[in-house]
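These notebook entries record what I looked up in one structure.

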Amino acid sequence: MDRARVLVATGALPLVLTVLLGGLAQAFPEPILWVNGIKHLLLAAARLAPLLWLPWALWAARQGAWRGAIVGMILAFVGGGLPPIDDADGPGLVIVSANVQAFVEDVPVLEAALATFDADVLITIEKRGEQIAGMRRVADNYSRPIPRTSHGFAVYCRDGVDCDAEITEEIGPKGCSQPMALVRVNQGALCLVGVHVPPPVPLCAEGAPPYVAHVAEAITDGRLNGDFGPCRAGDPALIMGDLNAVRGSEPHKALLARGLVDPLRWRGIWATSWPSGGRWPNLPLLQIDHAFVGALTVEGARLHRVPDSDHKALRLRVTPG
């Protein structure tokens, strides 16, 4: 086989892998634990496969195939996803969801970092930190008996932002459940649902479906189909938090089916959020922190590191409409 054919054949491999890994993942059922884990890894690998065009482009350049190398670099850039756009200033409300990792101790540093997000509404998942400068804590479950510290939830609203919130009871089978946060932002009348879907760990593989169904059943065409905690029927829905699942998984598809959209769908590697340190490797390869947007306009979306957390925080700027 001549050099040109070798270059074409090997240059097609990233695309073949993307299609093959993504298709193979769909053959694995959920929620069987070890099968579920394989499925999520295959889906994540399918999103990373286009990056293989980068080493291919370098190899092609060494072979003197400069046009092929340029095409490979472009494919790697496009396949890797669109980088976030700076949304530091602009219209709308800034909404932040942060899994703060309950088992690390440096609380003042965390609280200071959360204050820099300049959020109008901020949800913390797991329990660490209780005061954020310029914000008031409007709901939490810290005084309740919760199964583990990682079941903590809190909602903060910026001073001057009119919002009502509550933290639900545990949702899901005993020993495999989590609460959620329900927030109504009264200016703009949007409903924010903060989620922490039960993780796919031993003895807990059955926790995600009823939890996700509880959220999905409350939404039709991107709006609430009835009152939901402090939220009201017809409110535009915004789901944010730790889905403990990747794009293309059953939880992800179940929420998209309710008329919601994923504002990070074209971000590729720029949307990966875990593991990001916090006693885990600092190598975010999986996107398990998500947003699902209903009848709202997204002005900006990006992820930020959180001190001593294994998750990145997700920051959205949204306007009704």
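**Entry 1**

In which loop does G294 lie? I found G294 in the loop between β13 (289-293) and β14 (296-305). I kept in mind that this is a predicted model. I then looked up the accessibility of G294: its relative accessible area is 15%, and since the cut-off for buried is under 20%, G294 is buried. Next I took a distance from G294 to a residue elsewhere in the chain. I219 is 75 residues away along the chain, and the C-alpha atoms of G294 and I219 are separated by 8.9 Å.

I turned to C176, which is in the loop between β5 (163-167) and β6 (181-185). C176 counts as buried because its relative accessibility is 5%. From C176 to V197 I count 21 residues in sequence, and the C-alpha to C-alpha distance is 9.6 Å.

I located P263 in the loop between α8 and β11. Its relative accessibility is 16%, so P263 counts as buried. G300 is 37 residues from P263 in sequence, with 8.7 Å between their C-alpha atoms.

**Entry 1: an exposed loop residue**

Is E105 buried or exposed? E105 lies in the loop between β1 (93-99) and α6. At 64% relative accessibility it counts as exposed, because the cut-off for that class is over 50%. I also took the distance from E105 to A60. These two residues are 45 apart along the chain, and their C-alpha atoms are separated by 49 Å.

**Entry 2: helix α2**

I checked the length of helix α2 (residues 13-25) against expectation. With 13 residues at 1.5 Å a residue, the helix should span 18 Å; the end C-alpha atoms are 18 Å apart, so the two values agree. I then asked which residues of α2 are buried. They are P14, L21, G22 and A25. These residues cover an arc of only 95° around the axis, which means that they are on the same side of α2. On the other side of α2 I found L15, V19 and L20, which are exposed. For the pattern I noted the general rule: an α-helix has 3.6 residues a turn, so residues three or four places apart point the same way.

**Entry 3: backbone angles**

I looked for residues other than glycine with a positive phi and recorded two cases. D118 has a phi of about 55° and is not a glycine. D118 lies in the loop between α6 (107-115) and β2 (121-125). N244 also has a positive phi, near 50°, and is likewise a residue other than glycine. I placed N244 in the loop between β10 (237-242) and α8 (250-256). N244 counts as buried because its relative accessibility is 16%.

I also recorded a cis peptide bond. It runs from W274 to P275, with omega near -5°. P275 is found in strand β11 (residues 274-276).

**Entry 4: the largest pocket**

How much space lies in the largest pocket? I noted about 700 Å³. The pocket is lined by 31 residues, and the closest to its centre are P199, P200, V201, N244 and W274. Helix α3 (residues 33-48) gives the largest share of the lining, with five residues.

**Entry 5: the cavity**

I then searched for cavities. The count comes to one cavity of 30 Å³ or more. About 80 Å³ of space lies in the largest cavity. Its lining includes L43, A44, R47, L48, V246 and R247. Helix α3 gives the most, with four residues.

**Entry 6: aromatic rings**

Over the whole structure I found one aromatic pair. I also recorded a charge over a ring: the charged end of K127 sits over the ring of Y142, 4.7 Å from the ring centre.

Key:
Residues are numbered from 1 along each chain as its sequence is written. This is a predicted model: local features need pLDDT of at least 70, side-chain atom pairs count only at pLDDT 80 or more; totals for chains, interfaces and linings use all residues. Side-chain values use heavy atoms; hydrogens and water are left out. The expected span of a helix is 1.5 Å times one less than its number of residues. Buried means under 20% relative accessible area, exposed over 50%, partly exposed in between (1.4 Å probe, protein chains only). The arc is that of the directions from the helix axis to the C-beta atoms. Rings of Phe, Tyr and Trp (its six-membered ring) pair if their centres lie within 6.5 Å; planes under 30 degrees apart count as stacked, over 60 as edge-to-face and the rest as tilted. A charge sits over a ring if NZ of Lys or CZ of Arg is within 6 Å of the ring centre and within 35 degrees of the ring normal. On a 1 Å grid over the protein atoms alone, a cavity is a set of points where a 1.4 Å probe fits but cannot get out, and a pocket is an open set with protein on both sides within 12 Å along at least five of seven lines; lining residues have an atom within 4 Å of a point. Grid points are joined across faces, edges and corners, and a volume is the space filled by probe spheres set on the points.
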